[in-house]
Amino acid sequence: MQGLHLTADLRDCSGSPLLMTDTTALRALCLAAVTDAGLVAVSELFHRFNPHADRQSGITGVVLLAESHLAVHTWPELGGVTIDVYVCNFGADNTHKAHALLEAGALSVDIADARAETPDEVPMYGEPGTAAVTGWALQ
């Protein structure tokens, strides 16, 4: 397999509360980020958990890409967001596109104010300790 898998686990996110609870807003942001990164969306599904229970229920969103996928999970009650990007690099090197997509998602939740939640607390973006982003290159 040739591909790249990037994940970000973000806490204390201070971005737009609307992006944490509104499927339409999160969908629009994700699809725009995919296009801006130069990737191709082929399908998508965004689901809000318990939309009538309270205003704090989160969203799971997935964008199926011609190159693989983008998955986003929000926890508004915790101020948390996880972002998962995988791209295949078989026909072309999509590494820079994957990084652009992950960065767009992370910046949309105000990564400068986010806090890392990983065992090593080794950030890739922002100041040390602000957010954790991990990536694996699969050969």
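Colleague: Is C30 buried or exposed?

Modeller: This is a predicted model. The relative accessibility of C30 is 5%. Buried means under 20%, so C30 counts as buried.

Colleague: How does C88 count, at 33% relative accessibility?

Modeller: The cut-offs are under 20% for buried and over 50% for exposed. C88, at 33%, lies in between, so this residue counts as partly exposed.

Colleague: How many disulfides does the structure hold?

Modeller: A disulfide needs a pair of cysteine sulfur atoms within 2.5 Å. By this rule, the count of disulfides is 0.

Colleague: Which element supplies the largest share of the largest nonpolar core?

Modeller: This core has 27 residues, and V63, L70, I83, V85 and L101 touch the most other members. At least two residues each come from β1, α2, β3, β4, β5 and α3. The largest share is 6 residues, and it comes from α2.

Colleague: Which residue in β5 is the bridge partner of L4?

Modeller: β5 is mostly covered, with 7 of its 9 residues buried. Its pairing with β1 is antiparallel, over 8 bridges. In β5, L4 has as its bridge partner V87.

Colleague: Over the ring of which residue does the charged end of R11 sit?

Modeller: The distance from the charged end to the ring centre is 5.8 Å. The ring under R11 belongs to W75.

Conventions:
Residues numbered from 1 in each chain as written. Predicted model: local features only at pLDDT ≥ 70, side-chain atom pairs only at ≥ 80, totals over all residues. Heavy atoms only, no water. Core = buried A, V, L, I, M, F, W, Y, C linked by side-chain atoms within 4.5 Å. Buried < 20%, exposed > 50% of the residue type's maximum accessible area, 1.4 Å probe, protein only. Helix = DSSP H or I, 4+ residues; strand = E, 2+ residues; numbered from the N terminus. Lys NZ or Arg CZ within 6 Å of the ring centre and 35° of its normal. Pairing = 2+ DSSP bridges.
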